[in-house]
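Please look over the sequence and the 3D view before reading on.

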Amino acid sequence: MFHASRTLAAAAVAAAAVLGLTGGTAVSAAAHSDSQAAPASQNQPAKRAAVCTVNDNGVNFRGGPGSQYPVLGQVNRGQKLNAHGREGSWIKGDLWGGRTGVWIHVAYLDC
């Protein structure tokens, strides 16, 4: 019985993390129901980057979020990008099989 309550508490914390719930009574009650349960931070899945696809050919990727930043290269339709940031109309991400930390305007991405 003790093991089952610890497992249920861990499952509740993990489910709340997936749903983006924080500070709710269900999470607090589950997390505190067993003092030997793992901390909530160990049960939370890592955030996944959104995958975007370039929708045109010859699209510039830049060193920062704006046309005033230097062009670092170009990509073509179908190129995938793991997006992990946004500033205004610019998406920051890592190109699959290529450069990391690049910026592409949202008009050229399907996310």
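## Contacts of Leu95

Contact here means heavy atoms within 4.5 Å. Leaving aside residues up to four places away in sequence, Leu95 touches Phe61, Val75, Gln79, Lys80, Leu81, Val102 and Ile104.

## Basis of the model

The model is predicted: local features need pLDDT of at least 70, side-chain atom pairs count only at pLDDT 80 or more, and totals for chains, interfaces and linings use all residues. Residues are numbered from 1 along each chain as its sequence is written, and side-chain values use heavy atoms, with hydrogens and water left out.

Helices (H or I, at least four residues) and strands (E, at least two) are DSSP runs, numbered from the N terminus. Buried stands for under 20% relative accessible area, exposed for over 50%, and partly exposed for values in between (1.4 Å probe, protein chains only).

## The nonpolar core

A nonpolar core is a set of buried Ala, Val, Leu, Ile, Met, Phe, Trp, Tyr and Cys residues joined through side-chain atoms within 4.5 Å. The largest one has twelve residues, among them Cys52, Val54, Phe61, Ala83, Leu95 and Leu109. Two or more residues come from each of E1, E2, E4, strand E5 (90–95) and strand E6 (102–105).

## The disulfide

A disulfide is a pair of cysteine sulfur atoms within 2.5 Å. The whole structure has one, formed by Cys52 and Cys111 with their sulfur atoms 1.9 Å apart. This pair links distant parts of the chain, 59 residues apart: Cys52 lies in strand E1 (residues 50–54) and Cys111 in the segment after strand E7 (109–110). The torsion about the S-S bond is about 110 degrees, so the disulfide is right-handed.

Are the two cysteines buried or exposed? Cys52 is buried, at 1% relative accessible area, whereas Cys111 is exposed, at 66%.

## The salt bridge

A salt bridge is a side-chain nitrogen of Lys or Arg within 4 Å of a carboxyl oxygen of Asp or Glu. One is present, between Arg77 and Asp56 (3.9 Å, N to O). Arg77 sits in the loop between strand E3 (71–75) and strand E4 (80–87), and Asp56 in the loop between E1 and strand E2 (59–62). Arg77 is exposed at 54%; Asp56 is partly exposed at 32%.

## Strand pairing around E1

Two strands pair if DSSP finds at least two bridges between them. E1 pairs with E4 in the antiparallel sense over four bridges, and Ala50 stands opposite Ala83 in E4. E1 also runs antiparallel to E7, joined by two bridges; Val54 has Leu109 in E7 as its bridge partner.
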